[in-house]
Amino acid sequence: MPVGRSFLVSVIFVGDASFPSRPSEAHSVSKNRSNMSHVLDVLNRFPNPSDRTHVIHILRYMFPRQFNLHNVFTSTVDRKETIQPLKDYTLREHEIALQGGKGSFIPKRLKGKTFDLVQRMMRLHKRCSYHALIEYYCPVWVLFLFSYLPFARVAC
Amino acid sequence: MLIVSASKLCDKGVLDTRLSLPHVKGVSGSDMSKLVSQPPFPSLISTETAPSSESSLSKPKDSFTDFASSIGEVSAFARAVISNIVPIEFWGSEENKKGFMRNVDRFVKLRRYETLSLHEVMQGMKVGSSSSVYQGVN
């Protein structure tokens with residue numbers, strides 16, 4: 001399928017496909033997935049930036065078309081697999097295993113600068129304190145809870 | 001989507017009304033007239049005269065959505081993570097990064113059935129600059 005301006009419109013960013021609309025259901029789903037969530041990210045599954053095979057694996061996820069993997073630009077969506085407009089690319093392990101035999105192959109365009117940048121991104125991911133970020137940007141207002149209570153209001 | 005479950009125990013709008021109540025109650029009507037040049041707001045009068053309305057105000061909400069982070073906070077967190085993880089060379093230029101961050105904000109703020117296409121995200125992106133690594137790469 002040719003990549004044109006009209007085609008780009010049909011490529012839609014889908015949120016979490018399994019995220020339900022009702023908050024009560026969302027709570028139960030997040031509880032069920034809490035044990036799995038760290039494995040869903042490819043950067044956690046292949047965390048070592050000094051390991052060449054790990055970096056290549058991340059490259060496969062970032063630039064699938066270069067590795068002839070299923071992608072939004074040239075591939076068609078199998079309607080038996082998903083009801084979403086596009087395929088879910090969270091786990092490509094099976095597809096990569098099927099391709100096989102190209103363990104250390106890197107396309108010409110991704111050699112050099114891109115390879116180094118992906119390595120740096122993996123290092124940044126390893127070093128980043130997500131907990132500190134969420135504490136800063138989405139703080140928990142514990143103190144304000146007690147402003148409802150009678151003794152707290154007297155103290156005010 | 002990212003982290004809607006990150007919890008926040010109270011929203012600020014509710015908090016402000018709760019905190020201001022004791023102060024309002026502590027000031028008598030004569031003191032009020034000395035301090036405030038304007039006539040008092042109708043809601044303040046009603047809290048002083050009718051004590052039953054106070055109990056209905058102090059009843060805490062226990063809805064699940066009250067404990068969720070606001071959309072703005074989620075968007076700020078997502079943008080902070082992206083700018084921490086993705087090296088600047090990936091964007092090509094500072095303008096590209098800014099434009100992408102604006103789209104991240106848009107994506108987080110989307111409502112049900114609203115979509116964001118790749119075409120919209122690519123508006124204003126410059127891929128031809130010398131520092132870009134995306135020349136001809138999908």
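# Questions on a predicted two-chain model

User: In which loop of chain A does A:Asn68 lie?
Analyst: This is a predicted model, and its local features are reported only where pLDDT is at least 70. Within chain A, A:Asn68 lies in the loop between α5 and α6 (93–99).

User: What is the phi of A:Asn68?
Analyst: Most residues other than glycine have a negative phi. A:Asn68 is not a glycine, yet its phi is positive, at about 55°.

User: Where in chain B does B:Tyr113 lie, and what is its phi?
Analyst: B:Tyr113 lies in the loop between α7 (94–108) and α8 (118–121) of chain B. With 5 other C-beta atoms within 10 Å, B:Tyr113 is exposed. Although B:Tyr113 is not a glycine, its phi is positive, at about 70°.

User: How many helices does chain B have?
Analyst: Read along the sequence, chain B follows the pattern α-α-α-α-α-α-α-α. Chain B has 0 strands, and its helices number 8.

User: How many helices are there in chain A?
Analyst: The pattern of chain A, read along the sequence, is α-α-α-α-α-α-α-α-α-α. Strands in chain A number 0, and helices number 10.

User: What angle do the axes of α5 and α7 of chain A make where they cross?
Analyst: Two packed helices are described by the angle between their axes and the distance between the axes. Helix α5 (residues 52–62) of chain A and helix α7 (residues 113–127) of chain A have axes that come within 10 Å and cross at roughly 100°. An angle of 65 to 115 degrees counts as roughly perpendicular, so α5(A) is roughly perpendicular to α7(A).

User: How many nonpolar residues does the contact of α5(A) with α7(A) have?
Analyst: On the α5(A) side the contact is made by A:Val55, A:Ile58, A:Leu59 and A:Met62, and on the α7(A) side by A:Phe115, A:Val118, A:Gln119 and A:Met122. By class, the contact has no charged residues and 1 polar residue, while the nonpolar residues number 7.

User: Which residues of chain B is A:Tyr137 in contact with?
Analyst: A:Tyr137 belongs to the largest nonpolar core. Leaving aside neighbours within four places in sequence, A:Tyr137 is in contact with B:Glu73, B:Ala76, B:Phe77 and B:Ala80.

User: How far apart in space are B:Ala76 and B:Met101, C-alpha to C-alpha?
Analyst: B:Ala76 has its place in helix α5 of chain B. This residue counts as partly exposed, because it has 18 C-beta neighbours inside 10 Å. In sequence, B:Ala76 and B:Met101 are 25 residues apart; in space, C-alpha to C-alpha, they are separated by 9.6 Å.

User: What average pLDDT does chain A have?
Analyst: Over residues 18–23 of chain A, pLDDT stays under 50. Residues 151–156 of chain A also have a pLDDT below 50. In chain A, 70% of the residues score at least 70, and the average pLDDT is 74.

Technical notes:
Residues are numbered from 1 along each chain as its sequence is written. Chains are lettered from A and ligands numbered from 1 in the order in which they are written. This is a predicted model: local features need pLDDT of at least 70, side-chain atom pairs count only at pLDDT 80 or more; totals for chains, interfaces and linings use all residues. A nonpolar core is a set of buried Ala, Val, Leu, Ile, Met, Phe, Trp, Tyr and Cys residues joined through C-beta atoms within 7 Å. A residue is buried if 20 or more other C-beta atoms lie within 10 Å of its own, exposed if 12 or fewer, and partly exposed in between; C-beta atoms are placed from the backbone. Two residues are in contact if their C-beta atoms, placed from the backbone, lie within 7 Å. Axes are lines fitted to C-alpha atoms, for helices over the stretch in contact, and angles run from 0 to 180 degrees between N-to-C directions. Helices (H or I, at least four residues) and strands (E, at least two) are DSSP runs, numbered from the N terminus. Angles under 35 degrees count as roughly parallel, over 145 as roughly antiparallel, 65 to 115 as roughly perpendicular and the rest as oblique. Ala, Val, Leu, Ile, Met, Phe, Trp, Tyr, Cys and Pro count as nonpolar, Asp, Glu, Lys and Arg as charged, and the others, Gly among them, as polar. pLDDT is the predictor's confidence in each residue, from 0 to 100.
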